[in-house]
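Trainee: I have a structure open and would like to learn how to read it. Can you walk me through it?

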Amino acid sequence: NEECGQGPVQFAQYGNGLQLLFQDGEFKGWFLDEAGLTTADGIGVGTTRADLNAARPVEIDPQSSLGIEFTAGDVSGFLTAADGSGTVESLYAGDTCFFR
């Protein structure tokens, strides 16, 4: 993709919803939007807001133009709802190619 903010990047897309981002041949980040894979502490797509809060300190980005975006330590993502009924709908870390 030539249009990412950090310059041209390449992606590797897997059938389990995992996308890896590379720039200049180096791994730079990842994005996950399907259930199945989790972090070492069990956070994945479908994790409840309560379980996310129990595992990591969570900060919601009120300025996000992309949805209900959060940061939880070194992992970020999006929730289906801002209140306690929300679940993780995607996760990412490192560089991304989001158009804000």
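Mentor: Let's go from the whole chain down to a single residue. This is a predicted model, where local features need pLDDT of at least 70, side-chain atom pairs count only at pLDDT 80 or more, and totals for chains, interfaces and linings use all residues. Residues are numbered from 1 along each chain as its sequence is written, and side-chain values use heavy atoms, with hydrogens and water left out.

Trainee: Which helices and strands does the protein chain have?

Mentor: Helices (H or I, at least four residues) and strands (E, at least two) are DSSP runs, numbered from the N terminus. Here you get 1 helix and 7 strands, in the order β-β-β-α-β-β-β-β from the N terminus on. The radius of gyration, taken over C-alpha atoms, is 14 Å, close to the 13 Å from the globule rule for 100 residues, so the chain is as compact as a globular protein of that length. That rule is 2.2 Å times the number of residues to the power 0.38.

Trainee: How much of the protein chain is buried?

Mentor: Buried means under 20% relative accessible area, exposed over 50%, and partly exposed in between (1.4 Å probe, protein chains only). Buried residues make up 36% of the 100 residues.

Trainee: What about phi angles?

Mentor: Most residues other than glycine have a negative phi. Asp 24 isn't a glycine, yet its phi is positive, about 55 degrees.

Trainee: Where does Asp 24 lie, and is Asp 24 buried or exposed?

Mentor: Asp 24 sits in the loop between β2 (18-23) and β3 (26-32). Its relative accessibility is 70%, so Asp 24 counts as exposed.
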